[in-house]
Amino acid sequence: GVALFRGLPLHTANDFSRFVDNAGLTPMAYKGGAALRDNVVGNVDTASKEHPAISIEPHNEMSYTHPYPEKILFYCLEPAGPDEGGETVMADVREILRKLSWRTFGRFYGNCHGGR
């Protein structure tokens with residue numbers, strides 16, 4: 001699920017870092033992923049340094065780690081302008097998987113498992 005909070009008194013990356021630190025969550029560092037990110041402060045990283053024309057499709061964040069993240073938090077400091085990108089798509093990939101045809105699922109499975 002997704003929860004969207006608006007109007008919180010969070011105006012800087014430091015504010016968001018303090019919010020995360022006090023939320024009772026166990027933070028994880030971003031390791032081993034393909035995204036180019038910079039650490040801003042504390043447990044706050046940039047989302048991506050990719051060119052706005054690059055689309056980052058729905059994916060399982062850090063699914064290659066053990067344990068994998070149970071929750072992911074986003075904070076928007078500077079909204080993107082019109083036609084500048086910046087959208088973050090939220091999707092339940094389990095639901096997407098359930099909706100795939102067996103043929104399509106088989107193609108993905110084969111690509112991930114050496115064509116088997």
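I looked up Val41 and noted that, at 23% relative accessibility, Val41 counts as partly exposed; here buried means under 20% relative accessible area, exposed over 50%, and partly exposed in between, with a 1.4 Å probe and protein chains only. I keep in mind that this is a predicted model, in which local features need pLDDT of at least 70 and side-chain atom pairs count only at pLDDT 80 or more, while totals for chains, interfaces and linings use all residues. Residues are numbered from 1 along each chain as its sequence is written, and side-chain values use heavy atoms, with hydrogens and water left out.

I placed Val41 in strand E1, and I take helices (H or I, at least four residues) and strands (E, at least two) as DSSP runs numbered from the N terminus. Setting aside neighbours within four places in sequence, I found Val41 in contact (heavy atoms within 4.5 Å) with Ala13, Asn14 and Ser17. For Val41 and Asn14, I read a C-alpha to C-alpha distance of 6.5 Å across 27 residues of sequence.

I then turned to Ser17, which lies in helix H1, residues 13–21, and which counts as buried at 7% relative accessibility. Apart from neighbours within four places in sequence, Ser17 touches Val41, Gly42, Asn43 and Val44. I listed the buried residues of H1 as Ala13, Asp15, Phe16, Ser17 and Val20, and I noted that these pack against strand E1 (39–41) and strand E2 (44–45).

**The whole chain**

I counted 3 helices and 2 strands in the protein chain, in the sequence pattern α-β-β-α-α. The radius of gyration, 17 Å, is well over the 13 Å that the globule rule gives for 116 residues, so the chain is more spread out than a compact globule; the radius is taken over C-alpha atoms, and the rule is 2.2 Å times the number of residues to the power 0.38. Along its principal axes, the C-alpha trace spans about 50 × 35 × 25 Å. I also noted that 10% of the 116 residues count as buried, and that, of the contacts with a separation of 6 or more, 55% are between residues 24 or more positions apart.

**The loop between E2 and H2**

I looked up two residues in the loop between E2 and H2, a helix that covers 93–99: Pro67 and Met62. The peptide bond from His66 to Pro67 is cis, with omega near -5 degrees, and Met62, a residue other than glycine, has a positive phi near 55 degrees. Most residues other than glycine have a negative phi, and most peptide bonds are trans. I recorded Met62 as buried, with a relative accessible area of 8%.

I placed Arg107 in helix H3 and recorded Arg107 as exposed at 59% relative accessibility. Between Arg107 and Asp15 I read 92 residues in sequence and 45 Å in space, C-alpha to C-alpha.

Lastly I checked pLDDT, the predictor's confidence in each residue, from 0 to 100. The protein chain averages 85, and 96% of the residues score at least 70. I found confidence lowest in H3 (residues 102–112), with a mean of 82, and highest in H1, at 93.
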